[in-house]
Amino acid sequence: MALIGNSFKLHQNNSLSGISKMTQSQSLRVSIHLPKVVAMMNSNTRLERNFSVSVESVVNELNAPTAVEVVDPTSKQHPTAVGGGVEDVYGEDTATDEQFDTPWSVSVASGYSLLRNPRHNKGLAFSEKERDAHYISGLLPPVVVDQDLQVKKMMANIRQYVVPLHKYQAMMDLQEKNERLFYKLLIENVEELLPIVYTPTVGEACQKYGCIFKRPQGLFISLKDKGKILEILKNWPEKDIQVIVVTDGERILGLGDLGCQGMGIPVGKLSLYTALGGIRPSLCLPITIDVGTNNDKLLNDEFYIGLRQKRAKGQEYAELMNEFMSAVKQSYGEKVLVQFEDFANHNAFDLLAKYSSTHLVFNDDIQHQWFFRGLISALKLVGGSLADHRFLFLGAGEAGTGIAELIALEISKQTKVPLEETRKKVWLVDSKGLIIKSRLDSLQHFKKPWAHEHEPVKELLDAVKTIRPTVLIGSSGAGQTFTKEVIEAMSSLNKKPVILALSNPTSQSECTAEQAYNWSQGRAIFASGSPFAPVEYSGKIYVSGQSNNAYIFPGLGLGLIMSGAIHVHDDMLLAASEALAEQVTQEHLDNGLIYPPFTNIRKISAHIAAKVATKAYELGLASRLPQPENLVAYAESCMYSPSYRNYC
């Protein structure tokens, strides 16, 4: 029987369903939070039993908290409509929307459950009217404060902690309690809090993740789930996912194999997708693929939260990843962005090569366009074209070889010299010394293009003296390897040596900013993967740049989503890096900065997103048509705003 009139109907499962005073173009969802009493329906619902009570009598008699959803198909907020460039399934506001009242499409719990819902909880910012309407009165102290005061209070609390990990835990606790306040705090204090929620503190958080784990922030998929990954994905409460960051935990930063505890990396990265790139948190999904760990310390740790077995490899590993990638596409469509993060070299290259033609994927550990533009900025301070310089890398993994290939490709593009020749401008040192032709048979496939004719060289210092590089780049994950002797040698060879210590976290950085400036007598052009405080040398203050992929991936993700891209093309990554380079002003360069300050990161992300989207349309890879006229303004309109909504 179809629902008629102003009444609820009782199903065989003892649930109440009803509709009241709705037009034919609208539907109502009501949830009454009592044991065995939950109502969900729309105007087309058919009932299995003919039992009815009035809406008013149920609410008045039970005085129960309610959750109401009203959907207006004509509204821009309707799930099938496009609001601000991306489907606004959850009715959340955009950055340019000044109307902060609840839209036609909304789902809001009430009462005690509302205060436990991080998506909607506002804490003491609930107005008296909202408290009365949503059964919160008495559950909070009587004072009402605004969000700005909450931000001020939270920053004061976080600054009281001395240990960075304690600050990280405080931020994670806030994210689990009040999502919008968490992001407002992070956006407005990005330079102070970025090192807390991301590198370097996230590295320590991953090492201790088993001890600090409280509640799920993403999905854990293990070998035990083989054959049912599609069902596992359905357990995640959000059904419209547009960005996934996935890791198998084998190469977490420079810390090595942390297994299941690598989840801190996807969680941290997706926080930045929202805070820096404006991707709504409801569209983001962190995932860890647990195939075991080869870290004996973790296997013997009673608090370890992952599978207690050695890592799966070969066909078993490939089959699990293939099932995962197929399930992701089946669940979320071909336009879901999958970022591979912190996979070991032997899997990272293979996964990117295998799925780049069938899925929307990228790996910023390999595809280092964000770094390349920082290098170009550094060379502006030194002088000469890219081809005029010699590059020496310490570290020949996915990061080192990925950056090296970008350099060689750009030199080839600029000079019209074959790539095989321009690669000879770039030299790499690994754990066994300089990569040369005589080692070719023992090299991994991604190292072989960098094997040049040369006599064997074992030590980095000897390689510096022999190769005489103008640029020294660290991607080894080995701390304190740019010794005083190495930097002094670089300084003796170059008036302005470019020294880039890229490894994370801080403990794994090849050298500190203070060491680079002091040992080079203030002449080094220095940047690092982890942040360092300004350094004073001979009465001058030196501010080093942070070569951080957080400059690129949030804006890249926004550009891919707002254009509806179906594949990530290398030209899109280059467009992103060009947009970043355009944000580096002469004033920044004069102050020794090769990257712009993070204080303007949302503006930077909007420009990056616009460049990426433009390239997607040019390449015919964009599915969201027609193309907006002003893509920068369009990108800004798509960005998530953490400001509170009114629930009355």
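Predicted model: local features only at pLDDT ≥ 70, side-chain atom pairs only at ≥ 80, totals over all residues.
Lysine 269 lies in helix H11 (residues 264-275). Helices (H or I, at least four residues) and strands (E, at least two) are DSSP runs, numbered from the N terminus. Residues are numbered from 1 along each chain as its sequence is written, and side-chain values use heavy atoms, with hydrogens and water left out.

**Exercise 1. The annotated site**

Find which residues the UniProt annotation "active site" covers, and work out whether lysine 269 is buried or exposed.

Solution. 
- Step 1: Start with the record. The unreviewed UniProt entry places its "active site" annotation on Tyr198 and Lys269. UniProt positions are given in the numbering used here, feature names are shortened, and annotations may be inferred rather than shown by experiment.
- Step 2: Look at the spacing. The two residues span 72 residues in sequence, yet no two of their C-alpha atoms are more than 7.1 Å apart, so they gather at one spot.
- Step 3: Check the burial. Buried means under 20% relative accessible area, exposed over 50%, and partly exposed in between (1.4 Å probe, protein chains only). Lysine 269 has 0% relative accessibility and therefore counts as buried. Tyrosine 198, in the loop between H7 and H8, is buried too, at 4%.
- Step 4: List the neighbours, where contact means heavy atoms within 4.5 Å. Leaving aside residues within four places in sequence, lysine 269 is in contact with Tyr198, Val245, Gln339, Glu341, Asp364, Asn549 and Phe553. With residues up to four places away not counted, tyrosine 198 touches Lys269, Leu272, Asn548, Asn549, Ala550 and Phe553.

**Exercise 2. Rings that pair**

Work out how many aromatic pairs there are, and why the pair of tyrosine 551 and phenylalanine 598 gets its class.

Solution. 
- Step 1: Set the rule. Rings of Phe, Tyr and Trp (its six-membered ring) pair if their centres lie within 6.5 Å; planes under 30 degrees apart count as stacked, over 60 as edge-to-face and the rest as tilted.
- Step 2: Count. This rule gives 14 aromatic pairs.
- Step 3: Now the pair in the task. Tyrosine 551 and phenylalanine 598 have ring centres 4.2 Å apart and planes at 15°, so they are stacked. Tyrosine 551 sits in the loop between strand S21 (545-546) and helix H21 (553-563), and phenylalanine 598 in the loop between helix H23 (586-590) and helix H24 (601-618), so the pair ties together parts that are 47 residues apart in sequence. Both tyrosine 551 and phenylalanine 598 are buried.
- Step 4: Look for a group. Tyr517, Phe526, Phe532 and Tyr542 are linked into a cluster by ring pairs.

**Exercise 3. Backbone details**

Solution. 
- Step 1: For another example, the bond from leucine 625 to proline 626 is cis, with omega near 0°.
- Step 2: Lysine 416 counts as exposed, at 70% relative accessibility.

**Exercise 4. The nonpolar cores**

Which residues have the most contacts inside the largest nonpolar core?

Solution. 
- Step 1: Define the term. A nonpolar core is a set of buried Ala, Val, Leu, Ile, Met, Phe, Trp, Tyr and Cys residues joined through side-chain atoms within 4.5 Å.
- Step 2: Read off the largest core. It has 118 residues, and Tyr273, Phe391 and Leu500 have the most contacts inside it. H24 gives the most to this core, with 10 residues.
- Step 3: Zoom in. Beyond four places in sequence, the contacts of phenylalanine 391 include Leu375, Ile407, Trp427 and Val471.
- Step 4: Look for another core. A second, separate core of 36 residues includes Val338, Phe343, Ile366 and Phe446.
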